[in-house]
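Me: Hey, can you walk me through this protein model? I'm new to reading structures.

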Amino acid sequence: MIKKIFNDIRALKYKKLPGRKDYYVEYSDWFDKLKLNKEINLRVFDAGCDLWNTFYYYLKYKGFNIGYYEGYDINYHIIIKRNEKIIDKESLSPDLFRKKVEYYFNFIKLDCEGCEYDLLDNITFKRGNIYSIAIHNFKGLEDNFNLWKDKLKEFNFKLVYITVDKKEYLYVKS
């Protein structure tokens with residue numbers, strides 16, 4: 001009960017932003033650990049963005065300059081460039097993901113409820129890029145979860161957030 005009230009109070013600062021307030025609470029729990037420079041022109045790739053583009057609005061609220069934002073969800077693909085939104089139906093395949101993140105983006109965020117394992121198998125982590133990766137310990141994904149939990153530690157990612165049910169672990173690297 002107290003944690004819920006605390007989270008509701010913390011989420012109030014994001015109340016004018018669209019989306020669900022619990023996303024903003026989660027972001028506030030781990031975001032400061034990234035130690036981002038606000039002078040960087042972010043080019044964000046967000047696999048697992050949601051309908052309300054909460055991560056985009058959260059970054060804007062925190063005062064970051066986002067030159068380009070591309071988000072993929074199950075049902076749509078969104079691009080935000082110079083505050084102009086384009087929504088289409090492009091599907092994200094592991095091959096397309098690899099091509100995109102290798103050549104253009106400097107901030108990669110993965111939180112796609114289990115599909116991250118197909119994507120992680122196709123990524124080369126680049127020095128200087130910023131990463132926020134959620135891995136999920138859902139039924140049937142335990143082997144992938146354990147493998148990537150160890151790999152992310154080997155790649156010097158920091159574990160910064162675990163959900164109460166221990167089904168999602170968030171790692172960051174900057």
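**Pocket, disulfide and cores**

Reply: Helix 2 (21-30), strand 1 (41-47), helix 3 (54-61) and helix 5 (116-120) each give at least two residues to the lining of the largest pocket. Helices (H or I, at least four residues) and strands (E, at least two) are DSSP runs, numbered from the N terminus. This is a predicted model, where local features need pLDDT of at least 70, side-chain atom pairs count only at pLDDT 80 or more, and totals for chains, interfaces and linings use all residues. Residues are numbered from 1 along each chain as its sequence is written, and side-chain values use heavy atoms, with hydrogens and water left out.

Me: What volume does the largest pocket have?

Reply: About 450 Å³. On a 1 Å grid over the protein atoms alone, a pocket is an open set of points where a 1.4 Å probe fits, with protein on both sides within 12 Å along at least five of seven lines; lining residues have an atom within 4 Å of a point. Grid points are joined across faces, edges and corners, and the volume is the space filled by probe spheres set on them.

Me: Which residues lie nearest its centre?

Reply: Tyr72, Asp73, Ile74, Cys112 and Cys115, out of 26 lining residues. By class, the lining has 13 nonpolar, four polar and nine charged residues. Ala, Val, Leu, Ile, Met, Phe, Trp, Tyr, Cys and Pro count as nonpolar, Asp, Glu, Lys and Arg as charged, and the others, Gly among them, as polar.

Me: How many disulfides are there in the whole structure?

Reply: One. Cys112 and Cys115 form a disulfide, with their sulfur atoms 2.5 Å apart; the term means a pair of cysteine sulfur atoms within 2.5 Å. The torsion about the S-S bond of Cys112 and Cys115 is about -120°, so the disulfide is left-handed.

Me: Is Cys112 buried or exposed?

Reply: Cys112 is buried, at 13% relative accessible area, while Cys115 is partly exposed at 35%. Buried means under 20% relative accessible area, exposed over 50%, and partly exposed in between (1.4 Å probe, protein chains only).

Me: And what sits between strand 5 and helix 5?

Reply: Glu113 is in that loop. Its phi is near 55°, a positive value in a residue other than glycine. Glu113 counts as partly exposed, at 48% relative accessibility.

Me: New topic: which residues have the most contacts inside the largest nonpolar core?

Reply: Leu120, Phe125, Ile133 and Ile135, in a core of 26 residues. Such a core is a set of buried Ala, Val, Leu, Ile, Met, Phe, Trp, Tyr and Cys residues joined through side-chain atoms within 4.5 Å. Apart from this core lies another, of 24 residues, including Cys49 and Val172. Cys49 is buried, at 2% relative accessible area.

Me: What is Phe125 in contact with?

Reply: Leaving aside neighbours within four places in sequence, Phe125 is in contact with Leu120, Tyr131, Ile133, Trp148, Leu152, Phe155 and Phe157. Contact means heavy atoms within 4.5 Å.

Me: Last one: how many helices and strands does the chain have?

Reply: Six helices and eight strands. Buried residues make up 44% of the 174 residues in the chain.
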